[in-house]
Amino acid sequence: MKNIRKITTALLLTSVLACTDGFEEMNKDPNRAERATSAQLLTNAQYNFSTNITDEWNNGRFGMYYAQYWSSTYYSGESRYQIRENTNQIMWNTFYTDVLNELHESQKVEQESQWPGFKNRIAISEIVKAYTYHFLTDIYGGPIPYAEALNADNVTPVYNTGEEVYVGLLTSLDEQVKILDTAQPSYATGDVLYGGDVHAWKRFANSLRLRIALRMIDVKPAEATEAIKKALDPANGGIISTQEQSALFRWLPSPPNNNPMNQSFKVRVDFSMSKPFIDYLKLYNDPRLPVFAQPRLNTNDYVGEVYGLRSSNASSNGDPTRVSLPSNYAVGATAPTIWLDLAEVKFMLAEIQARELKVGLTGTAAQYYQEGVTASMRFAGIREENITAYLKKVPYNAAKWKDSIGSQKWIAMYTQGIQGWLERLRLDFKDPITGKAIFALPADGSLDPDVTDVSKRMSYPVVEASLNGAHYRTALEKLGGRNSKGAKNWWDKY
């Protein structure tokens with residue numbers, strides 16, 4: 001792996017910090033070299049993370065394809081699992097260099113200054129670190145540079161296994177929740193997600209613990225259950241329980257701080273709604289359909305593009321008279337990047353009860369399932385009577401709880417392509433009512449001989465073989481010996 005380079009802030013911070021409050025700190029003498037503040041570094045990290053999981057490459061051509069929310073209109077290689085290596089390298093580098101290293105630098109600033117509230121500020125950065133490593137380990141199938149990743153003196157960090165990373169993440173989140181002190185100061189500026197609200201960061205950390213625990217529960221049930229108990233313990237600060245408590249990165253109307261996908265659509269229409277997603281929304285007359293998608297031009301009809309067509313085989317080329325295009329819900333200038341929201345939390349609670357885990361919850365799986373659907377629909381602006389009518393069409397099915405929860409969680413995660421894909425892999429859900437498959441094989445076949453249905457992981461950037469060869473090869477041994485997108489993640493048991 002490339003050595004984690006030292007952060008340079010001048011140009012990037014100028015553009016990033018324009019999108020948040022409290023940036024008077026940047027009004028300094030431009031001829032004096034000054035070290036960035038921890039607030040500026042945190043802003044930068046949150047911005048870079050949100051861009052990395054929202055842009056046209058990592059969300060559009062990766063997550064939104066693999067979750068089958070979208071189909072390609074022009075260049076179909078990625079929808080058929082042929083990646084562009086340079087964009088994969090950029091995604092990897094951005095997570096490590098432009099997010100994790102900036103958080104590490106922000107913590108160093110706080111540790112050196114030790115101004116009142118520095119422990120809170122370090123803990124918040126550590127929670128964002130955990131969130132970032134969570135994405136990295138799941139995207140790349142488990143083994144990643146973790147324990148040694150941010151040591152600038154070590155240019156060949158060891159790859160920790162996915163199990164080791166998960167242990168580290170849960171341990172860290174447990175520690176940060178205990179460190180966070182609502183009686184002490186926090187970030188006055190720089191925290192785009194929660195404005196330095198310590199209560200909010202406790203709830204986010206506990207909700208993230210639920211996600212991590214459920215992702216590994218089929219392989220490590222005892223450890224997962226213990227993590228869930230801690231997350232749900234009221235003494236630890238609670239979980240996200242209202243929409244206002246959801247973690248959203250909010251974009252602004254104008255470049256360079258508008259939603260990255262919005263900017264991409266100004267240049268070219270590379271993405272249409274996919275046929276599997278549109279067909280499933282239409283199957284039960286889902287009222288979110290006209291919120292998520294645009295009807296074909298001059299019609300009231302919604303048509304999804306066949307998934308995985310080769311470019312020369314009747315693809316739409318983005319013609320709005322032929323296929324439905326994404327609406328502003330996903331590609332609007334101010335469409336937020338969802339880090340973790342109320343709907344996901346409710347579906348996680350439903351799964352906990354469906355699994356009959358003894359963790360102190362009082363509600364039923366059916367109740368939390370309905371609350372998850374309701375939270376998603378309210379966020380989409382759906383009227384209450386339409387929510388009630390829809391829930392009658394798709395009641396909770398306890399005998400097929402993975403299908404019920406999985407299908408509705410997938411719909412609710414629309415725009416969160418990477419997480420929608422990972423939940424598709426973990427729950428392997430079908431339609432709970434008909435029992436039929438929801439997802440389609442690429443119509444013109446996969447371009448990866450190791451992948452027949454959907455990629456199970458993203459392959460490591462190829463330069464890792466030369467830059468960190470010994471540890472890279474050890475990581476591959478954990479994945480079956482090859483850098484294959486067909487190798488299952490360690491928690492993907494079924």
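In this predicted model, the largest nonpolar core takes in 139 residues, and the members touching the most others are Trp-70, Tyr-133, Phe-204, Ile-228, Trp-410 and Tyr-414.

Trp-410 is worth a look of its own. Leaving aside residues up to four places away in sequence, Trp-410 touches Ala-67, Gln-68 and Tyr-69, then Pro-276, Phe-277 and Tyr-280, and finally Gly-420, Phe-429, Ile-438 and Phe-439. Trp-410 also belongs to a cluster linked by ring pairs, whose other members are Tyr-69, Phe-277, Tyr-280, Tyr-284, Phe-292, Tyr-329, Phe-379, Tyr-414, Phe-429 and Phe-439.

Now for the aromatic pairs: searching the whole structure turns up 50 of them. One of these joins Phe-62 and Tyr-66 edge-to-face, with 5.0 Å centre to centre and 80° between the planes. These two sit about one helical turn apart, because they are four residues apart in helix H3 (residues 56-66). Phe-62 comes out at 3% relative accessibility, so it counts as buried. Tyr-66, at 1% relative accessibility, likewise counts as buried.

Trp-70 and Phe-265 make another edge-to-face pair, this time at 6.2 Å centre to centre and 70° between the planes. Here the link runs between distant parts of the chain: Trp-70 is in strand E1 (residues 70-72) and Phe-265 is in helix H9 (residues 260-267), 195 residues apart. Trp-70 has a relative accessible area of 1%, which makes it buried. For Phe-265 the value is 17%, and since the cut-off for buried is under 20%, Phe-265 counts as buried as well.

The charged end of Arg-215 sits over the ring of Trp-491, 5.7 Å from the ring's centre. Arg-268, for its part, lies over the face of Tyr-74, at 5.7 Å from the ring centre.

At least two lining residues come from each of helix H2 (38-54), H3, strand E6 (337-340) and helix H17 (417-427). Of the elements around this largest cavity, H17 gives the largest share of the lining, namely three residues.

Conventions. Residues are numbered from 1 along each chain as its sequence is written. This is a predicted model: local features need pLDDT of at least 70, side-chain atom pairs count only at pLDDT 80 or more; totals for chains, interfaces and linings use all residues. Side-chain values use heavy atoms; hydrogens and water are left out. A nonpolar core is a set of buried Ala, Val, Leu, Ile, Met, Phe, Trp, Tyr and Cys residues joined through side-chain atoms within 4.5 Å. Buried means under 20% relative accessible area, exposed over 50%, partly exposed in between (1.4 Å probe, protein chains only). Contact means heavy atoms within 4.5 Å. Rings of Phe, Tyr and Trp (its six-membered ring) pair if their centres lie within 6.5 Å; planes under 30 degrees apart count as stacked, over 60 as edge-to-face and the rest as tilted. A charge sits over a ring if NZ of Lys or CZ of Arg is within 6 Å of the ring centre and within 35 degrees of the ring normal.
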